[in-house]
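Colleague: Could we go through this model together, one question at a time?
Modeller: Gladly, let's have a look.

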Amino acid sequence: MDQIVLQYYADNARKLRKLVDRILSEFGGLADKDFDDFYSLANEVFVDVMKRYDESQSFHTFLFSCLSNRIKTEMTKRNCEKRRADRMSVSIDSPLGEDEDLTIKDVIASDFNMEKEVVGEENDRMVRLEQYLDRLSRRQRRILLLLADSYGAGEIKNMLQISQKEYADAMDGIQSYENVSILF
């Protein structure tokens, strides 16, 4: 039995994990946390199988069968809990009482103001944009405006009569993380 334990738990329980992964491949939508839960469940099943194993079949086959049954039972249990929660949920658009025009969402108290949110976000963006532009030199601003007007690099260098190096230096400042990070 010690040899079996070593075989399945060597290298961070690699063989046991592969067995669990093979069974779970039948199911979709599992998060890393779910895999951790099922690896823990596999440890419990492994201990139980070690106690019940009678050598009438291969250990691997017996373990796979027990593990598969237990995982499927656990998945069924989890899905039942989800369905139970869904049956108890009520739509926020459900009418209240006899009045078809009054819904649950109409009577929920809220201090949310859509206009304030939209205007507030727009103001925040404008403030950040002004801060970004304040960090740029006059040349960098002119280049940025020309880029915004769809001029190419060659056209901008000709219009401002600057060299490739001066243009590249200005672009480095425009695109620097220190400057651009203000926008986010």
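Colleague: Is Lys 165 buried or exposed?
Modeller: This is a predicted model, where local features need pLDDT of at least 70, side-chain atom pairs count only at pLDDT 80 or more, and totals for chains, interfaces and linings use all residues. Residues are numbered from 1 along each chain as its sequence is written, and side-chain values use heavy atoms, leaving out hydrogens and water. Buried means under 20% relative accessible area, exposed over 50%, and partly exposed in between (1.4 Å probe, protein chains only). Lys 165 has a relative accessible area of 56%, so Lys 165 is exposed.

Colleague: Which residue forms a salt bridge with Lys 165?
Modeller: A salt bridge is a side-chain nitrogen of Lys or Arg within 4 Å of a carboxyl oxygen of Asp or Glu. With the closest N and O atoms 3.1 Å apart, the partner is Asp 169.

Colleague: How are helix 6 and helix 8 placed relative to each other?
Modeller: Helix 6 (residues 138-148) and helix 8 (residues 164-175) pack at an angle of about 85°. Angles of 65 to 115 degrees count as roughly perpendicular, therefore helix 6 and helix 8 are roughly perpendicular.

Key: Axes fitted to C-alpha atoms, helices over the stretch in contact; angles between N-to-C directions. Helix = DSSP H or I, 4+ residues; strand = E, 2+ residues; numbered from the N terminus. Parallel < 35°, antiparallel > 145°, perpendicular 65-115°, else oblique.
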